[in-house]
Each structure stands twice: as structure tokens, then as C-alpha cells.
Amino acid sequence: CIDMLWLPPPSQCVDDRGYLPGQWYNLNSKYGSDKELRELISELHGAGISPVADIVINHRCASEKDGQGKWTSFKNPDWER
């Protein structure tokens with residue numbers, strides 16, 4: 001009996017596996033869209049399966065280069081406020 005399913009990091013990411021997130025709250029990734037993720041979670045719940053989200057909070061990639069050409073400009077959420 002399967003009662004849990006591991007899901008890879010769901011946010012927009014710069015690497016292929018999801019472990020270098022660029023935008024934490026953008027759930028459109030190479031794995032699918034935000035809508036598809038929500039539908040999958042709903043279907044899993046309907047089948048009695050608990051999704052386990054792998055969320056990367058200690059890694060983050062910049063969204064843009066700064067004035068010196070370095071990848072230090074973080075957006076969504078914006079860390080420059």
C-alpha cells in the first residue's frame with residue numbers, strides 16, 4: 001500500500017532537479033504548472049495518498065545581474081527592499 005509520495009521541489013528553478021530555486025513562490029517549473037501541481041495534490045488526497053513536498057529554503061539563485069554583472073539581484077520575493 002502506498003500512502004505517501006515524494007514530490008521534487010516545485011518552484012521555478014535554474015537547475016534540472018529543482019535544488020537551485022530562483023523564485024520560491026513561482027510554482028511553474030519543468031515538472032509542470034502551478035495548476036497541474038494543485039490538481040495532482042488533489043488527486044493524491046482523493047486516493048488517500050499524502051504528498052510530501054521537498055522544499056529548498058536554504059538555497060536561492062538570483063533573478064538578475066546587478067550593475068557590476070554579478071548575479072545578486074533577487075526578485076519574487078524581492079530582497080532589495
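Because the model is predicted, local features need pLDDT of at least 70 and side-chain atom pairs count only at pLDDT 80 or more, while totals for chains, interfaces and linings use all residues. Residues are numbered from 1 along each chain as its sequence is written, and side-chain values use heavy atoms, with hydrogens and water left out.

**Helix α1**

Let us start with α1, which covers residues 34-46. Helices here are DSSP runs of H or I with at least four residues, strands are runs of E with at least two, and both are numbered from the N terminus. The expected span of a helix is 1.5 Å times one less than its number of residues. Just after α1, Gly 48 takes a positive phi of about 75°.

**Salt bridges**

How many salt bridges does a search of the whole structure find? The search finds two, a salt bridge being a side-chain nitrogen of Lys or Arg within 4 Å of a carboxyl oxygen of Asp or Glu.

| Nitrogen side | Oxygen side | Distance |
|---|---|---|
| Arg 38 | Asp 34 | 2.5 Å |
| Lys 35 | Glu 39 | 3.3 Å |

Arg 38 and Asp 34 both lie in α1, four residues apart, about one turn of the helix. Lys 35 and Glu 39 also both lie in α1, again four residues apart, or about one turn. As for accessibility, buried means under 20% relative accessible area, exposed over 50%, and partly exposed in between (1.4 Å probe, protein chains only). Arg 38 is exposed at 54%, and Lys 35 is exposed at 58%. Glu 39, at 37%, counts as partly exposed.

**The largest pocket**

Rolling a probe the size of a water molecule over the atoms shows where empty space is left. On a 1 Å grid over the protein atoms alone, a cavity is a set of points where a 1.4 Å probe fits but cannot get out, and a pocket is an open set with protein on both sides within 12 Å along at least five of seven lines; lining residues have an atom within 4 Å of a point. Grid points are joined across faces, edges and corners, and a volume is the space filled by probe spheres set on the points. The largest pocket holds about 150 Å³ of space. Its lining includes Leu 7, Pro 8, Tyr 31, Glu 36, Leu 37 and Leu 40, and α1 gives the largest share, three residues.

Glu 36 lies in α1 and is partly exposed, with a relative accessible area of 46%. Its C-alpha atom is separated by 37 Å from that of Gly 67, 31 residues apart along the chain.

Cys 61 is buried at 15% relative accessible area.

Phe 74, found in the segment after β4 (50-53), is buried at 16%. Phe 74 and Cys 61 are 13 residues apart in sequence and 7.5 Å apart in space, C-alpha to C-alpha.
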